[in-house]
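Subject: Structure for your study

Dear colleague,

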Amino acid sequence: MTDHVSQPTVLVFDFGAQYAQLIARRVREARVFSEIVPFDISAEEVKRRKPAAIILSGGPASVYAEGAPHMDRRVLELGVPVLGFCYGIQEMATQLGGTVPRTDVGEYGFAELRVTAPDSPLFEGVPEVSQCWMSHRDSVGELPPGFRATASTAVTPVAAMEDPDRRLYATQFHPEVAHTEHGQRIIRNFLYEIAGIPPTWTMVNIIEESVERVREQVGSDRVICGLSGGVDSSVVAALVHRAIGDQLTCVFVDHGLLRHNEADQVVRTFRDAFRVNLVHVDASERFLSLLKGVTDPEQKRRIIGEEFWKVFFEEAQKLEGVKWLAQGTLYPDVIESGSKTAAKIKSHHNLIPFPEGVHFELIEPLKWLFKDEVRAVGTELGLPDEIVHRQPFPGPGLAVRIIGEVTREKLDLLRRADAIVREEIDAWDRDRQVWQYFAVLPDIRSVGVMGDERTYGHPIIVRAVASADAMTADWARLPHDLLARISNRIVNEVEGINRVAYDITSKPPGTIEWE
Ligand code: XMP
């Protein structure tokens, strides 16, 4: 049984996580499979994995700093093509006998890159002068024996170097960031021309491989999968269903905290369109009674999280002969639970609170994929856009968007207002610029007037943010006309709401959600 991708693989050495992930994604965009490994992976382990190429990431350290990350030098002697970026060029230079003197001048941001060796295969098709992105203090001084400099900037004489005989290449700038004008071309040159890797990591191949692997893994066993309405669990379900059809049963725990029409859509998509064996558990009463009187956000989350798994396993145990649980773990989850050691990756799996005496083996068919690849797989498998491009939605659902106690009445108010917010912004935001947008129901009321009558109703807070990864966010600069339409519609169409406010707080200091 293989639990691995059988494609030519680029190993990305991780000298600083955020850079490594970006590089791995760029390589995949060039249709080549890439995997992130710890910087200190041994030459023996690298050899065992037979990579088609290696890329050394950048990193925040200085090569001479105490505790700076260093690679096994013998990796550079394996004959595998290596490309180093930023910290990677400095590491390559010092490991092979060059120098990286401390300089007084750093170089941060845009720089003019001059290709000084136009015959370098790395710069094939790159103009003599172009823009690149720099972020460094030190840089290579004396070249290691056998190397030549191939590019420079005003302050960095060795902006790139190479030793084609040993298939070693490196740049001081960052080809992986979008600010480097011809960065993707440089990466492609390395992958296709220098390393000779064919661009075969395509959606069709990803799906075929995953389907094959799931079949091999589970044989004729039965599998369950928890559906939440989110992208990851939906794609897992569709993929596993493609692989093993009726051997799969999906359990959809409907906690009653989903948005307008969401539960229906899950049922329509999976039961009606895909003809998946689907157990739809309407557990809203159960959740609501547990949430009665609960106002603390963390307590809400805990109750919902625990109850979710309880309901799920109750249903799972009713099914006969199930051996496997399919889960929507993605590659960033795997990396974040620890790229340093495999043991840490395992600990991630233990997050599933199996009840006493219950255990399922895990299959995680998406664990090699980034989020954008998961979406592309979902589309290719025929999932509707509403699911594939669903905005991030918290597991505890609308419970964390109702400040104070959650009741059926408040859920109903919030659901209707939220549907209007989404409908209006969806219609305006054709190219999906806004990251997340929703309504929040605070635990206050205020006075208003409608017709001749005074009202005493709830306000709705509209939240819409721009973000790349939810770590930081800025409030979206929605046009006033759009905000006016949202406000009018909510007050007119949702009885009980008499005021609408727009949240103009960035993150930090605010968070995206209100609880
Ligand atoms: P915050 O509010 O911390 O949210 O800025 C960052 C991102 O995480 C989502 N979020 C959650 N997702 N369970 C989840 O699955 C939660 O309890 C939860 N709280 C926040 C939020 O929607 C945003 O995308």
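The notes below describe helix packing, a cavity and some features of the backbone.

Please bear in mind from the start that this is a predicted model.

Helix packing around H5

In general, a pair of packed helices is described by two values, the angle between the axes and the distance between them. Helix H5 covers residues 203-218 and helix H6 covers residues 231-244. Their axes lie 9 Å apart, and the packing angle is about 65°. Since angles of 65 to 115 degrees count as roughly perpendicular, H5 and H6 are therefore described as roughly perpendicular to each other. The crossing in which H5 passes H6 is right-handed.

Which residues of H5 and H6 meet? On the H5 side they are Ile-207, Ser-210, Val-211, Val-214, Arg-215 and Val-218. Their partners in H6 are Leu-239, Val-240, Arg-242, Ala-243 and Ile-244. Sorted by class, this contact of H5 with H6 holds eight nonpolar residues, one polar residue and two charged ones.

H5 also packs against helix H12, which spans residues 371-380. Here the axes come within 10 Å and cross at roughly 85°. H5 and H12 are therefore roughly perpendicular to each other. H5 contributes Met-203, Val-204, Ile-206 and Ile-207 to this contact, while H12 contributes Glu-373, Ala-376, Val-377 and Glu-380. Six of the residues in the contact of H5 with H12 are nonpolar, none is polar and two are charged. You will notice that Ile-207 of H5 is listed in the contact with H6 and also in the contact with H12.

The cavity

How many cavities of 30 Å³ or more does a search of the whole structure find? The search finds one. The largest cavity contains about 40 Å³ of space. Its lining consists of Val-5, Trp-201, Ile-206, Glu-209, Ser-210, Arg-213, Pro-365, Trp-368 and Leu-369. By class, the lining of the largest cavity has six nonpolar residues, one polar residue and two charged residues.

A second pair of helices

Helix H14 (residues 408-428) packs with helix H15 (residues 480-493) at an angle of about 150°, and their axes are 10 Å apart. This angle makes H14 roughly antiparallel to H15, because angles over 145 degrees are counted in that way. H14 passes H15 in a right-handed crossing. From H14, the residues in contact are Arg-416, Ala-417, Ile-420, Val-421, Glu-423, Glu-424, Ile-425 and Trp-428. From H15, they are Leu-482, Arg-485, Ile-486, Arg-489, Ile-490 and Glu-493. The contact of H14 with H15 comprises eight nonpolar, no polar and six charged residues.

Features of the backbone

Another joins Pro-508 and Pro-509, with omega of about 10°. Pro-508 is found in the segment after strand S19 (497-502), and Pro-509 also lies in the segment after S19.

Finally, Arg-31 is not a glycine, yet its phi is positive, at about 65°. Arg-31 sits in the loop between helix H1 (17-29) and strand S2 (33-38).

Yours sincerely,

A colleague

Technical notes. Residues numbered from 1 in each chain as written. Predicted model: local features only at pLDDT ≥ 70, side-chain atom pairs only at ≥ 80, totals over all residues. Heavy atoms only, no water. Axes fitted to C-alpha atoms, helices over the stretch in contact; angles between N-to-C directions. Helix = DSSP H or I, 4+ residues; strand = E, 2+ residues; numbered from the N terminus. Parallel < 35°, antiparallel > 145°, perpendicular 65-115°, else oblique. Left-handed = near helix turned anticlockwise from the far one by under 90°. Contact = heavy atoms within 4.5 Å. Nonpolar A, V, L, I, M, F, W, Y, C, P; charged D, E, K, R; others polar. 1 Å grid on protein atoms, 1.4 Å probe; cavity = no way out; pocket = protein on both sides within 12 Å on 5 of 7 lines; lining within 4 Å. Points joined across faces, edges and corners; volume = space filled by probe spheres on them.
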